Amino acid sequence: MNHLKIILKWVLPNVKFAYNMLAVSAEVFCRHSFGARYTPAMLAGFIFCFLTMTIVCGIDPDKSSPAIGVYLFIYFVLLIYHGVKMWLPRAVTHSQSSGLSWAFWGRITVFPALVRILLEPAIHVLVGVALHPMSVLLSDWLIFAGICLAIKEFISFWKHWNRVLDSSDARIEGERITSGVRRYSAPRSGGDQRVSHVAAVEQAQAPADSIQQIYSRLDPALQQLVAMPNQNRPNAPTPNRPVVRPAVVRNQARPVGIPPGINRNRNRT
């Protein structure tokens with residue numbers, strides 16, 4: 001039992017990796033407009049395809065065929081095309097997008113998920129079957145790549161559909177909770193009415209005191225200090241009566257020998 005767990009622990013990650021790389025090799029031929037962060041997966045898919053076919057042809061030279069070289073060349077050219085297209089102005093796509101289907105599928109009134117799950121993998125499988133007389137290795141590669149693409153797209157569609165259902169369920173639960181809170185907090189027609197905490201706090205707040213009430217509660221000493229500036233302040237003049245300034249009398253010293261009542265300037269003349 002322990003040996004089986006160890007084998008599965010080593011085999012399952014490798015099978016998953018190979019399955020993803022086969023699916024990526026099919027996506028390069030069936031899609032366009034890949035996400036920027038999907039580029040490493042595309043490069044890894046090409047390297048995995050090149051190494052696998054090179055190793056198999058080296059082990060069994062009878063499986064080698066010119067069709068394999070043509071396939072790898074087309075694969076490399078498409079990889080460069082998709083990489084260059086990422087730097088050109090285009091519509092914003094998800095950075096981890098596995099590509100969009102080609103435009104001619106839009107002319108067919110078919111559900112988009114059906115195109116990605118069934119039609120594109122089916123075309124890949126049919127091309128692999130057609131190339132079987134030319135190269136068995138390439139035919140098997142294309143067939144398995146189409147099957148892996150179908151499985152990958154079905155799993156992706158299933159996860160997306162579950163997320164949509166989860167979001168819908170969360171919205172419905174939110175509406176139910178909101179309606180329940182409204183019914184619970186609404187005033188009842190008979191008996192004691194429930195008052196919300198916010199309303200109770202607002203009703204408990206006393207109205208603001210007037211200035212006279214605040215002044216009456218002050219300490220007598222503070223009242224005297226407040227009243228003193230008002231008592232010492234001079235009365236303001238009324239707007240209808242002009243202000244009369246008091247005359248300033250200056251005591252000037254008279255020169256000796258001049259009787260009062262005689263102007264000093266007249267004697268000079």
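The axes of helix α3 (residues 66–85) and helix α5 (residues 136–185) come within 8 Å and cross at roughly 40°. Angles under 35 degrees count as roughly parallel, over 145 as roughly antiparallel, 65 to 115 as roughly perpendicular, and the rest as oblique. Axes are lines fitted to C-alpha atoms, for helices over the stretch in contact, with angles from 0 to 180 degrees between N-to-C directions.

This is a predicted model: local features need pLDDT of at least 70, side-chain atom pairs count only at pLDDT 80 or more, and totals for chains, interfaces and linings use all residues. Residues are numbered from 1 along each chain as its sequence is written, and side-chain values use heavy atoms, without hydrogens or water.

**Overall make-up**

The protein has 9 helices and 2 strands. Helices (H or I, at least four residues) and strands (E, at least two) are DSSP runs, numbered from the N terminus. From that end, the elements run α-β-α-α-β-α-α-α-α-α-α. Buried residues make up 20% of the 269 residues. Buried means under 20% relative accessible area, exposed over 50%, and partly exposed in between (1.4 Å probe, protein chains only). Of the contacts with a separation of 6 or more, 67% join residues 24 or more positions apart. Contact means heavy atoms within 4.5 Å.

**Two partners of α5**

Two packed helices are described by the angle between their axes and the distance between the axes. On the α3 side, Ala67, Ile68 and Tyr71 meet Leu137, Leu138, Trp141 and Leu142 in α5. The residues of this contact divide into 7 nonpolar, no polar and no charged. Here Ala, Val, Leu, Ile, Met, Phe, Trp, Tyr, Cys and Pro count as nonpolar, Asp, Glu, Lys and Arg as charged, and the others, Gly among them, as polar.

Helix α4 also packs on α5, at an angle of about 170° with the axes 7 Å apart. That makes α4 roughly antiparallel to α5. The α4 residues in this contact include Arg116, Pro121 and His124, and those of α5 include Glu153, Phe154 and Phe157. By class, the contact has 14 nonpolar, 4 polar and 2 charged residues.

**Helix α4**

Helix α4 (residues 112–130) has 19 residues, which at 1.5 Å a residue should span 27 Å; its end C-alpha atoms are 26 Å apart, in agreement. The expected span is 1.5 Å times one less than the number of residues. α4 bends by about 25° at Leu119, and Pro121 follows within four residues. The bend at a residue is the angle between axes fitted to the seven residues ending there and the seven starting there. Among the buried residues of α4 are Arg116, Glu120, Pro121 and His124.

| Residue | Relative accessible area | Class |
|---|---|---|
| Ser25 | 0% | buried |
| Ser33 | 11% | buried |
| Tyr81 | 38% | partly exposed |

Ser25 lies in helix α1 (residues 2–30). Leaving aside neighbours within four places in sequence, Ser25 is in contact with Tyr71, Tyr75, Trp141 and Ala145. Tyr71 and Trp141 also take part in the contact of α3 with α5.

Ser33 sits in the loop between β1 (31–32) and α2 (39–59). Ser33 has a positive phi of about 55°, although it is not a glycine.

Tyr81 belongs to helix α3. The C-alpha atoms of Tyr81 and Val28 are separated by 10.0 Å, with the two residues 53 apart along the chain.
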